[in-house]
Amino acid sequence: MRIGLLTEGGYPYVSGDARLWCDRLVRGLEQHEFDLYALSRSQDQEDRGWIELPPQVSRVHTAPMWTADDDGIGHGRRSRRRFADAYAELAAAVCTGASPDIAGLAGVTPTDASSASHASNAEADRFGNALYTLAELARDEGGLVGALRSETAVRTLERACRAPGALRAARAARVPDLLAVAGHIERALRPLSLDWYGDDGLGSVDLCHATSGGPAALPGLVAHHFSGVPLLVTEYGVQLRAHYIAAGDADLSAPVRAMLAAFHGRLAAETYRQAAIITPGNTHARRWQERCGADRAKLRTVHPGMEASRFAEIGEREEPGEPGTLVWVGRIEPSKDLISLLHAFAEIRKEEPKARLRLVGAPAEGPEAAAYLAHCKALAAQLFPDEAEGAHAMGDNPVSFEEIGGPETPDLADAYAAGSVVVLSSIVEGFPISLVEAMFCGRATVSTDAGAVVEVIGGTGLVVPPRNPRALAEACVSLLRDPGRRERLGAAARARALELFTVEQNITAFHGIYLEIVSHCPVRREPVDDAGEPLPFANPPEAHVPGRWTAPTSESGGGFGTWLAGRSASGGAPSWAEADGVDGVDRPGGADGEGEAGGSGGGGQRPAGEREQLAGAFPGGEGDA
């Protein structure tokens, strides 16, 4: 099987998101061939290069999402009119309304959401038809970068905002807002202008696997439209939710937030509608997908696969770790809420004066994360001045900030081994990787109820509300004082992690899903010879008819089905079957077992002489003919 793996800002780049699980998936499915189609997010990401690729990766295609030069294509009058009509439909679908389940998010008012809830499937079709018309125009003309940035696009957006039924926030859009929205839509639709969709590209694969929604899934939508290639969408973090969070943090006006939320909502709904199967990484992501229009019948939850062997030695040790020591592991950023954790530790120290807290991790990229780390260190110094056991001893702070690779924690497994309880204090969380790693190590955990934490823990750890330092402190103290309970919870957590969150279960799940999709949604391609000319009758006619044509037609096992199965095994279909087409194949039809299908031309009965010749070719008797 040939898989087209679609990524954005991820595999195969060294600094890419989700590169680890993609690499494990590709290496684990060595019986398949992979073509990578990667969208990069920055020049720095491209400069850092790729990770080492396994031999089953046959081709790699890359394109930048962070920049696009004007293609300089001059469109004729007919093409300009075609673009204007398609973009007008797209803009009208975006400005009419967003998903009814996102009231209050990204600047969408409850009134706007209520009106959007009555939108019919016609609006989804409107957006999809416009999107695919733009894709066809980009294929025919060689690109749409200049057209999507043009004055025509901005004026079309303005008319859509002023049209009856437009979002209330969109009606207030001014020229800077329209320019910002047009620029964002152009960036999101850049994959339409790529040359990835020919017979030597995505048109030649058996399955497209998008590792996230949004722009990463857009090439899969286009390949499905052009070539009928089935699409699998995997989301461990929902792109639409990430956009809402980013839009809330950005300095954008209400009209811009409303229109961008509507655009991404429509794109997500179209992606879910066209996907053959959708695989959320947890129940939290699954609920988001269902609210955004995903068909529940298409959803298959597949947990991320993580390498358990690196933590095996720690998990099998009888030593419970340093008693009285709490460990936190992760990226230091505001969403991890280390401020609440430090205040909770102050309460813990009142009950357990010898308790220690080790914060292991590095700040996330960007000045905001570095400033947050400095703030946390200042707060720790204020809450816990250096203490000494005696007048001649050196003072020591009970809170330490460490990084993986340092002298205290040379390896990630050593970080978890250093404590008896692992703490997670996040207010926003997707799939809690550090929590699963702690479970592999057999450590008892105390976590906040964020993201997929409850689903991952499953009763093998303590869960408290987020932003509640007192509850977090009480849970930690209860475990620090009860070593037997810590041991029981740690053993149960390790058993659960080994059952649900290993690389092996992830690979097995996707292997089955690949086979399921290809068996139900095979790509129909016209066979050609070495010169590229069509090969008539290269596929047997029964390949185009649903049903099991090789099944026996009677309990005795004889008849047409058995004969056809034998013919298939020996090398091909009879000449008359190849010549007559689907309707020319005689097969059991009437209740008396003497049904006859008409010829390819007229649908009538065969001449008597031909029926006698065919009857002699079937060994099962005249009833089989």
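Is Cys 208 buried or exposed? Cys 208 is buried, at a relative accessible area of 0%. Buried means under 20% relative accessible area, exposed over 50%, and partly exposed in between (1.4 Å probe, protein chains only).

## Model and confidence

This is a predicted model, in which local features need pLDDT of at least 70 and side-chain atom pairs count only at pLDDT 80 or more, while totals for chains, interfaces and linings use all residues. Residues are numbered from 1 along each chain as its sequence is written, and side-chain values use heavy atoms, with hydrogens and water left out.

The protein's mean pLDDT (the predictor's confidence in each residue, from 0 to 100) is 82. A value of 70 or more is reached by 80% of the residues. Residues 98-108 fall below 50. That stretch still has 25 contacts (heavy atoms within 4.5 Å) beyond near neighbours in sequence. Residues 548-604 also stay under 50. There the model has 76 contacts beyond four places in sequence.

## Cysteines

Cys 376 is buried too, at 0% relative accessibility. The whole structure has zero disulfides (pairs of cysteine sulfur atoms within 2.5 Å).

## Nonpolar cores

A nonpolar core is a set of buried Ala, Val, Leu, Ile, Met, Phe, Trp, Tyr and Cys residues joined through side-chain atoms within 4.5 Å. The largest has 75 residues. Tyr 87, Leu 131, Leu 189, Leu 202 and Met 259 have the most contacts inside it. Helix 12 (residues 254-274) gives the most to this core, with 10 residues. Another core lies apart from it, with 36 residues, among them Leu 342, Phe 345, Val 423 and Val 477.

## Helix 9

Helices (H or I, at least four residues) and strands (E, at least two) are DSSP runs, numbered from the N terminus. Buried residues in helix 9 include Asp 177, His 184 and Glu 186.

## Arg 443

Arg 443 sits in the loop between helix 18 (433-440) and strand 11 (444-448). At 4% relative accessibility, Arg 443 is buried. A polar atom of its side chain lies 3.2 Å from the backbone oxygen of Tyr 416. For the backbone oxygen of Cys 441, the distance to a polar atom of that side chain is 3.3 Å. Beyond four places in sequence, Arg 443 contacts residues including Ile 314, Glu 319, Tyr 416 and Gly 490.

Definitions and conventions. A polar contact is a pair of N or O atoms within 3.5 Å; within protein, one must be able to donate a hydrogen and the other to accept it, and residues adjacent in sequence count only if both atoms are side-chain atoms.
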